[in-house]
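Welcome! Please keep the sequence and the 3D view at hand as you read.

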Amino acid sequence: MTDVATDVIERVRAARAALSTLAIRGHRSKSRLLGPPGGHADLDLELHSGITNYQPDELVITARAGTPLSDITAALDERRQCLAADPPMFAGRGTLGGAVASGLSGPSRPFRGSLRDSVLGIEVVNGLAERLRFGGEVFKNVAGFDVSRLLTGSEGALGVLLSASLRVAPKPERLEYRKATLDAAAAVTCMRTWASQSLPLSGLAWIAGELHWRLAGASSVVNEIAGKLGGVEDDPGFWTRLRDGELTINTSPTRLWRCAVPPATPPDPADICLDWAGALRWRDQDKSADFLLPGAFTCQRGSSPLRADRVTDLVRRLKDAFDPEHVFNPGLIHADTTS
Amino acid sequence: MQDGLLLSLARLNRILEVDPANAIARVEPGVRNLAISEAVARFGFFYAPDPSSQIACSIGGNVAENAGGVHCLKYGLTVHNVAGLVVATLDGEVHELGGKGQDPLGLDLRAVVCGSEGLLGIVLEVIVRLTPLPPAKAVMLGAFHSLAAAGQAVASIISGGLIPAGLEMMDRLAIKAAEAFVHAGYPVDAEALLLCELDGTEAEVAADLLKVEAAMQTQGAFRLEVARDAASQTRLWAGRKAAFPAVGRLAPDYYCMDGTIPRGRLAQVLDEIARLSVEYGLQVANVFHAGDGNLHPLILYDANQPGELAKVAEFGGRILQCCVAVGGTVSGEHGVGVEKLDQMCDQFCPAELEQFARLKAAFDPDGLLNPGKAIPTLARCVEVGGMHVHSGTGRFQHLDRF
């Protein structure tokens, strides 16, 4: 547990003065997914770590950016709480700062909200080397623009996250895991039917000819619904492997596109996996031409990622509003990216 | 404001599309909040955020304020329930922010437009996320001899692993006013009242009711009442929903405040409000969204008495300062507008306000949208004494402030 905020601010000030650039780094666990940031020098946040405030009764945890996600989930677990969005931990690694900066959520996203949904406040160093605080530790807060949620998923292009406060959720009393054999088209129909009912689901995904579902909630409810939905018992480890890319990024021999689509979209023959009750598709580039969707991006072992961002003038102006000298993470999201 | 144009979006009032398969609806900004839930009910859905004004307020206004409602503890605020926006900036560009999918890669401008009080762009279309209607619902009322005990009950419900659909608290004055106004059957001898709504499957509601009952009893609730049918639920909610107009009958005028605090500081903040109430000689009725720490102290006054308006504004300002001091915020859901500009100077430092100004300028470089609202100028903060600024050290002096 260390606080190196002063050093971070000094590095930003120096980089700005020298017109050089910084690549913001944590555990480097997402380099393959989002691409390694460019930059003349690495700005390592791993040392800036530690949980600074955890109030289980208030459903809030605040920690420095370099805090390992595993430390956070362990602390929450002791009080029977969790991060509702269940962010991925590739190879078991990842920091809070990386989770917030990437804005990635796990399989529970459609049912329990996104990581961005749970962000209550952040502390950030902008491109002017100013230490700023937005939002806070309370759920309802409309004072000023919602900069915390704008920075969630901004991939470090707007500033260096120093700390973040997240709303936490009670850990479900009971989890049940089921699966059934189904083709992709039938799986989408089934997913949408279930997602439109008030069911205690916390995961609904299709891969390799099987529909998998996870139920979470009070024991009586989970038992009742598990009986109604049928299926056969499934391996609980499936959901961690899915969350951490072991069934998608890590296995595919070819380039996969991660596409966010309207969830009822019929499956593409190139979809190797449907997650988020249909809203997230992992699409094999070799088998489909329909992958350049807005916000889609790729990942493949050993090759650099591609992405289909729409970088508008408005996005460029926002980059300039936070980081006028373009100190942070060149090559990710902002004006330096070709759209 | 001089030479301003008023842009009303009230007639952009069409529901453009209900898409049950994707669980979304696409609507224009002038559509009323409740009208969305009414339009989608036949598909088994509702639109979750339900501000008390939902019969009249528009979804465009909800986006501008990031509106909450009594059910936001479980279902979230507007920002959690809006999947996409079509927004026009004043350079004539129309931006599609988000859409029917979830979390595409890239900057999420949708999130920053929510709650921006019309300063960033004009919302032309809103894609709202729909929530499946829960099959069962119950409301529990608990009456307590002290606000502290009711506060403890809230803490133990939540730390016990339950997130109720709604969890509201009222103090003695608010209870009495509401009871006199709508005859909801509230216990007028209570110092504090809790209303807890639970929803889900039948089994879920039954299990959760037991937990809430136990938590309330442990904290000394002297009366418990469960409403299982729609009519008695409506009756129990009626007092809470009519609390503002009910309190309005107690005095010629009332001033509704809106701040959020960490729930654990509730007793401390209420003591301070009670102390200020004596100091200013003005009565206060308290209504809270207890689950999320959002306070609505209603200060009673008479605007016809010379000086009373200024006094009430100062009183309100000090309540908000107290919210900031305990780690809360000057606005939970009603927004800043022009009313709370001075308190923004308490909550944010000059560099933070300047960052807001640059963010605003990225969307609206000429500062033409809702000038003078939501974000104070540094000059104003210096004048109210909330902030110390060295002259000439502020950045971006060339930018117009708004």
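## Domains of chain B

Domain bounds here come from an automatic or database domain assignment. For chain B, that assignment gives domain 1 (15–132), domain 2 (136–240) and domain 3 (251–335). A word on the basis of all this: the model is predicted, local features need pLDDT of at least 70, side-chain atom pairs count only at pLDDT 80 or more, and totals for chains, interfaces and linings use all residues. Residues are numbered from 1 along each chain as its sequence is written, while chains are lettered from A and ligands numbered from 1 in the order in which they are written.

The C-alpha centres of domain 1 and domain 2 of chain B are 29 Å apart. Where these two domains meet, domain 1 of chain B gives 4 residues and domain 2 of chain B gives 6 residues; two residues are in contact if their C-beta atoms, placed from the backbone, lie within 7 Å. On the domain 1 side of chain B there are 2 nonpolar, 1 polar and 1 charged residues. In this grouping, Ala, Val, Leu, Ile, Met, Phe, Trp, Tyr, Cys and Pro count as nonpolar, Asp, Glu, Lys and Arg as charged, and the others, Gly among them, as polar.

## A look inside chain B

Let us zoom in on one residue. Leu236(B) sits in helix H9 (residues 230–241) of chain B; helices (H or I, at least four residues) and strands (E, at least two) are DSSP runs, numbered from the N terminus. Is Leu236(B) buried or exposed? Leu236(B) counts as buried because it has 21 C-beta neighbours inside 10 Å. The cut-offs are these: a residue is buried if 20 or more other C-beta atoms lie within 10 Å of its own, exposed if 12 or fewer, and partly exposed in between, with C-beta atoms placed from the backbone. Leaving aside residues up to four places away in sequence, Leu236(B) touches Val139(B), Leu141(B), Ala184(B), Leu195(B) and Ala227(B). From Tyr301(B), Leu236(B) is 65 residues away in sequence and 28 Å away in space, C-alpha to C-alpha.

Next comes a pair of helices, H6(B) and H8(B). Their axes come within 8 Å and cross at roughly 145°; axes are lines fitted to C-alpha atoms, for helices over the stretch in contact, and angles run from 0 to 180 degrees between N-to-C directions. The crossing of H6(B) and H8(B) is right-handed (left-handed if the near helix is turned anticlockwise from the far one by less than a right angle, right-handed if clockwise). Ala153(B), Ser156(B) and Ile157(B) of H6(B) meet Val212(B), Ala215(B), Met216(B) and Thr218(B) of H8(B). The residues of this contact comprise 5 nonpolar, 2 polar and no charged.

## Chain A and its sheet

Chain A has 11 helices and 17 strands, and 58% of its 339 residues count as buried. Its domain assignment gives domain 1 (5–170 + 311–322) and domain 2 (174–299), with C-alpha centres 27 Å apart. Their contact takes 13 residues from domain 1 of chain A and 16 residues from domain 2 of chain A.

Strand S6 (residues 119–125) of chain A pairs with S7(A) over 5 bridges, and Glu123(A) has Arg133(A) in S7(A) as its bridge partner.

## Where the chains meet

The contact between the chains takes 74 residues from chain B and 68 residues from chain A. On the chain B side, the largest share, 9 residues, comes from H14(B). By class, that side has 34 nonpolar, 29 polar and 11 charged residues.

Key: Pairing = 2+ DSSP bridges.
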